[in-house]
Amino acid sequence: MVAALSACSSGAAAGGGGAPLDGGTIVYGHQQEPECVVGGWIEQAYLSYQVLDSLTSLGEDGAAVPWLAESWEASDDGLTWTFHLKEGVRFTDGTALTAGVVAYNFDWWVADGGNSTARAWLTPYYGSAEAVDDTTLVLHLTAPYPRLAETVAQGYFGIQSQQALETRSEAENCEAPVGSGAFVVEEWNRGQNIVLARNDDYTSWPANARHEGPAKVEKVDWRFVPDATTRTASLRSGETDAIYDVPAVEWDSVGEAGFERLRFVTPGRPQQLSFNTKQGPFTDEAVRKAFAYSLDRQQIVETIGRGLIPYEGNGAVSRSTPGYSQAAAGAYSYDPAEADRLLDEAGWTERDADGFRTKDGERLHVVLPYGAGSIVNADGAAILQGVKEQAKAVGFDVELVPVPRSELLAGAYTKPDERDLQVGYWTSVTAGILWITWRSDTPEAPNGSNGAFYADADLDALILEANSEPDVERQEELYRQAQEHIADRALSIGLYDRLSTLAVAPHLKDVWQEHAQGGPVFHDAYLVG
């Protein structure tokens, strides 16, 4: 299948030395093709980051730095934020980027049909936005949100042309959104690639860019290569200049072959297992804890991950997230004897001919669907297979169900009677992700992101208090309390931290990963020959 990648890149035959080339095309191999360039999925954020600018960018220390906004301040009560925008910025359709346009984008994000992830972040804090003048934007919040400047650094918050949103079709804005970014979408060949062309008039690079001015290369050929082996082979053969999602088994050898390796542990929710607390065997806390104790999760991850994939015991947030609780991460060590004891006490005392536990003639059968090739990559699928095998030893019959992305998008396995466990992640720059993933799921206010179908007013109140707490130390302590609430009740257990990895050829320089979600940044990159 490597031959299907067609011609070599502009720098494929070059070594790591030499002078910078003038222009050229970066050929980049990515693993997943989204439905749109913009939207609420991280794969869309990676793409939209290339063509849309945001109000802020994120520094290596996790603090917001200027991008479209040169500066900002919040009122003493935390309810009014004022952003001072750069002057003279224009979208690639020629229209001006003004405070009024940015205000329109905020309203669009929270509207039906806008950006679902941006809406999830802004609710319940966003009240309204107003333009005081062309470069002064005022946001009115309904409750304080001290980490707002960091939150809008995520790729979901890229600013689009109001004229484009109002006058172009939904399909046009999906496939080629109009921003003020370093690149524009030149063409999209579905199932193959997206060609990004340089915006020669680019003036609004972020403060943490590595150079000032338009992109150094003329184009980026963003290819979709789902198979990890094929992606890696394309890099080794010179058919791509950089690839995403390096398999663990290839990580060391790629480095030994002279390719630069970049690795970013995404903050937010790690790859974790949430237990169905509404229906099925995991409504019993003892059975949830037994499942957790039945697994040597660290051994599974370290075996499959080969030192690349970090084990993560915390089911609520990853280790790179501010306010991380080590106590929650260490809540359940491998203890099959304790798992056996808990299952016996819960009444699962018999075993059938296959060795699985039974109760009142019913097998301890649990369904674990996963997004094969989308939410869970090949390494992750192997880790889930290890979970299945270890849980079997104490009597759990785990049914792994690989689910194609098309079925996930259609809503498969979203109801309590369809699954017993949910695996998944949600990237975030703060522990405020807890509000999205753990806000009570109730008939009056459903929360499809709450994988445990859990409702607890005390947990809701704790997270909301943390989200609005201006004192950083107190805020992080409240977030830790929320994580420990989740761990104490075995509502979720961690598996591994989600990674964003890149491998880059020696003839391609200054590719870096943005610090919110680890996506590749090509504005500063250049080829040498």
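How many helices and how many strands does the protein have? The protein has 17 helices and 25 strands, where helices (H or I, at least four residues) and strands (E, at least two) are DSSP runs numbered from the N terminus. This is a predicted model, in which local features need pLDDT of at least 70 and side-chain atom pairs count only at pLDDT 80 or more, while totals for chains, interfaces and linings use all residues. Residues are numbered from 1 along each chain as its sequence is written, and side-chain values use heavy atoms, with hydrogens and water left out.

We begin with the overall form. Along the principal axes, the C-alpha atoms of the protein fill a box of roughly 70 × 55 × 40 Å. A compact globule with 529 residues would have a radius of gyration near 24 Å, and the protein agrees, because its own value is 24 Å; this radius is taken over C-alpha atoms, and the globule rule is 2.2 Å times the number of residues to the power 0.38.

Next come the open spaces. Rolling a probe the size of a water molecule over the atoms shows where empty space is left. On a 1 Å grid over the protein atoms alone, a cavity is a set of points where a 1.4 Å probe fits but cannot get out, a pocket is an open set with protein on both sides within 12 Å along at least five of seven lines, and lining residues have an atom within 4 Å of a point. Grid points are joined across faces, edges and corners, and a volume is the space filled by probe spheres set on the points.

The largest pocket holds about 1,100 Å³ of space, and of the 34 residues that line this pocket, Trp41, Ile375, Leu408, Gln422 and Trp426 are the closest to its centre. Strand E19 (421-427) gives the most to this lining, with six residues, and among the other elements that each supply at least two are helix H1 (42-51) and helix H14 (405-409). By class, the lining of the largest pocket has 15 nonpolar, 15 polar and four charged residues, where Ala, Val, Leu, Ile, Met, Phe, Trp, Tyr, Cys and Pro count as nonpolar, Asp, Glu, Lys and Arg as charged, and the others, Gly among them, as polar.

The second largest pocket has a volume of about 690 Å³, and the closest to its centre, of the 34 residues in its lining, are Gln31, Arg231, Asp245, Asn377 and Ala378. Its lining has 15 nonpolar, nine polar and ten charged residues, and helix H7 gives the most to it, with three residues.

Helix H7 (residues 228-237) also packs with helix H8 (residues 248-256), at an angle of about 5° and with the axes 11 Å apart; axes are lines fitted to C-alpha atoms, for helices over the stretch in contact, and angles run from 0 to 180 degrees between N-to-C directions. H7 and H8 are therefore roughly parallel to each other, a label for angles under 35 degrees. Thr232, Leu235 and Arg236 of H7 make the contact with Glu250, Ser253 and Val254 of H8, where contact means heavy atoms within 4.5 Å.

A search of the whole structure finds two cavities of 30 Å³ or more. The largest cavity has a volume of about 100 Å³, and among its 14 lining residues Tyr49, Trp67, Tyr202, Val521 and His523 are the closest to its centre.

Terms used
Angles under 35 degrees count as roughly parallel, over 145 as roughly antiparallel, 65 to 115 as roughly perpendicular and the rest as oblique.
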